[in-house]
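Reader: Before we discuss anything in detail, could you put the sequence and the structure on the screen?

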Protein chains: 2
Amino acid sequence: MYNKKMCELGNCRSAIRELFEYGKIRAKEMGGDKVYDFSLGNPSVPAPNEIKETLIQLITENTSSSLHGYTSAQGALETRVAIACSLNKKYGAELCPENIYITVGAAAGLCIVLKALNSANDEFIVLAPFFPEYKVFIESQGGVFKKVPFNESDFSVNLSALENSITSKTKGVIVNSPNNPSGVVYSEETVKAIAKILNKKSEEYKKPIYIISDEPYRELVYDGKKVPFLMNYYDNTIICYSFSKSLSLPGERIGYVAVSGKVEDQKNVYASICGAGRGLGYVCAPSLFQKVIEKCIDAKTDVAEYDRNRKLLYGELSKMGYECIRPDGAFYLFIKSPEKDANVFCDKAKQKGLLIVPGDSFGAPGYARIAYCVDYEMIKRSLPAFKELILEYKK
Amino acid sequence: MYNKKMCELGNCRSAIRELFEYGKIRAKEMGGDKVYDFSLGNPSVPAPNEIKETLIQLITENTSSSLHGYTSAQGALETRVAIACSLNKKYGAELCPENIYITVGAAAGLCIVLKALNSANDEFIVLAPFFPEYKVFIESQGGVFKKVPFNESDFSVNLSALENSITSKTKGVIVNSPNNPSGVVYSEETVKAIAKILNKKSEEYKKPIYIISDEPYRELVYDGKKVPFLMNYYDNTIICYSFSKSLSLPGERIGYVAVSGKVEDQKNVYASICGAGRGLGYVCAPSLFQKVIEKCIDAKTDVAEYDRNRKLLYGELSKMGYECIRPDGAFYLFIKSPEKDANVFCDKAKQKGLLIVPGDSFGAPGYARIAYCVDYEMIKRSLPAFKELILEYKK
């Protein structure tokens, strides 16, 4: 009567979304100050002021049809020019507007790229720990999900496991740095090592293996850390980007796919992306926000606020005895569960009003994710609950 | 290396989009006043004033995170309440917010519903003439596209052909009234006849056959014509709606799916829709416009302006000798090609700057679509070209 797999996907919400919805209900029942919601990557820092000013200026000065009319399916030319120029300036990329396809956020970008690349049950490799929806996106586009474990000491890429996991059916590898959920930023050395492995395997199997680089956190880094720009290290790179985090616009669903000019048979890969977007019902990305992005492409979010949260939370939790590595980017802390089953741990946390997500669906059982893109004061208020929680394990 | 079918979809743009892109280039070369672009259903009537006022008020008075944050995947509760209440008031529907799923436009809604319903190569029936993307949407979601011919005299539904086309593999029928491209509004009698056939066949095959009602033109009707509300006639009805045409917001990609409360196993069908949305990468519909819709759900577009276009174009073209039926709704005129091959006819039109779309991809070879959601003055200016064109066939 209906598609059982879709029904299951609809009924079993992601662990993150499940907790987020629970938090909303619980806050209504108990009062918002009794719930410490660290579940969702919903930016707490407001969008830069330019966004508001640009929105009002656009709405005041333009005609309805120029603001709200259809754009070309790949996005308005002016916005694609702005995106390409910005990337060229920042990273020495050599992109033209013809390399850019504007999307309804990074999730749409990923689904479109996966559908564009997948011929028939191709394998897509994901490096743990990873954003759980990757599995949903790959499988819904008919691909085969394959995960590679990580080095437990520092959440770095297990390079030999990556190399061993590649087969003749491998079509691509999803790379996500700064990483959700670990906050790790891959070093230049790591990126070069990944490129080397993929080049070797591409040659061995006589076909391109793509890097699909999911980069919503590219600008969210601390302590002056640099994020290597993958296109500069590996030719067959396709970027999926979102302005959700960098401009605090997650609900507006605006992002882009950038296909490196050095991708083999670039024109046809780009055409396949256009075709996949069409087939999935993405007529064009929201038009008003395409214009906003054109004007605000280089606006900057206030990273200092996340940094303050990071320092407070990392500092205090470490002092209390929680084990975790210091995150260099994104806005997540990935802590080791003090007991084997992180689900049980997170349930205990929930009893204290602390909403944190078990690592199982991130491919990292025994860990838990804390999204610190929240109000600083809430973090402060939550600390006694974190303290009580860890003390239960020290009895 | 990439998906050949997607590549083909990306390289062969729809006939409509192809012509639209051509028009933009041609207008640059020749001057906009030499091109009469009737290709695209891009509303010429501006969005109602309330939209602009509401946008400015929302942006001025709300916080960034309440405007631009993630909403629940099925859409903000307040907006779903507004949509359900509006439908209940207008049509006596008995919908709750739990029946509504807010989408990134009707195209997204259709793809999501098709993916939610399709189990394995299920057949979806489309009544000619039809919006060409239906074929793309059905096939991209793994379904089998099946078309039913129409009655040439008045573009009405060929009921016996519909009945004969239903098999044990039929999962649903896409109904689109007011119709793109014919402008026909199905009468209550027609709707009842369709319902009767589907009820009979559902019983015969012991399974529900869904009506997927694509209704972006529901409010665009003339001469006081009434559009029967399908949920009131057939239980297993799922509506895909868009505010693209009714509020002139096509680029903003905002619409909804409404699942009738009487759909068999409604809860699981709704869950499958949520799951399909998730699998296709639709995290949520654009958040700012969800709020706009909540406030402006019953705003009205100025249908009188389209009506004026309709009367001018239909009147003048009929006088010149073009054969077409008087459209009751939407903003398309579907004319009979004066020569057998409408592609050749449309090419001749193109030579005169008239951009009109051959009917072949609409499942109606020998016809051509004229979208009259354009500037009234442009229609006036185009009339001599239409006259010249028909005269070529009278020599």
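**Strands of chain A**

Author: Thr237(A), Ile239(A) and Tyr241(A) point one way from β9(A), while Ile238(A), Cys240(A) and Ser242(A) point the other way, and all are buried. A residue counts as buried if 20 or more other C-beta atoms lie within 10 Å of its own, as exposed if 12 or fewer do, and as partly exposed in between, with C-beta atoms placed from the backbone. Helices (H or I, at least four residues) and strands (E, at least two) are DSSP runs, numbered from the N terminus. This is a predicted model, in which local features need pLDDT of at least 70 and side-chain atom pairs count only at pLDDT 80 or more, while totals for chains, interfaces and linings use all residues. Residues are numbered from 1 along each chain as its sequence is written, and chains are lettered from A and ligands numbered from 1 in the order in which they are written.

Reader: Why is β9(A) described as largely enclosed?

Author: 6 of the 6 residues of β9(A) are buried, so the rest of the structure largely encloses this strand.

Reader: Which strand do 5 bridges join to β9(A)?

Author: That is β10 of chain A, residues 255–259, and the two run antiparallel. Strands are said to pair if DSSP finds at least two bridges between them. Within β10(A), Ala258(A) is the bridge partner of Ile239(A).

Reader: And how does β9(A) run relative to β8(A), parallel or antiparallel?

Author: They run parallel, joined by 4 bridges. Ser213(A) stands opposite Ile239(A), and Asp214(A) stands opposite Cys240(A).

Reader: How many residues of β8(A) are buried?

Author: 5 of the 5 are, so β8(A), residues 210–214, is also largely enclosed by the rest of the structure. Tyr210(A), Ile212(A) and Asp214(A) point one way from the strand, and Ile211(A) and Ser213(A) the other.

Reader: What joins β7(A) to β8(A)?

Author: There are 4 bridges between β7(A), residues 170–175, and β8(A), and these strands run parallel. The chain passes from β7(A) through helix α9(A), residues 188–205, to β8(A) in a right-handed β-α-β crossover. Right-handed means that, with the strands pointing away from the viewer, the path from the first strand over the helix to the second runs clockwise.

Reader: Changing topic: which residues of α14(A) are buried?

Author: In this helix, residues 342–351, they are Ala342(A), Phe345(A), Cys346(A) and Ala349(A). They cover an arc of only 95 degrees around the axis, which puts them on the same side of α14(A); the arc is that of the directions from the helix axis to the C-beta atoms.

Reader: Which exposed residues does the face turned away from the buried side carry?

Author: That face of α14(A) carries Val344(A), Asp347(A) and Gln351(A). Just after the helix, Gly353(A) takes a positive phi of about 85 degrees.

Reader: Now the two chains: how many residues of chain B are in contact with chain A?

Author: 69 residues of chain B are in contact with 69 residues of chain A, contact meaning C-beta atoms, placed from the backbone, within 7 Å. The largest share of the side of chain B that touches chain A comes from α11(B), with 10 residues.
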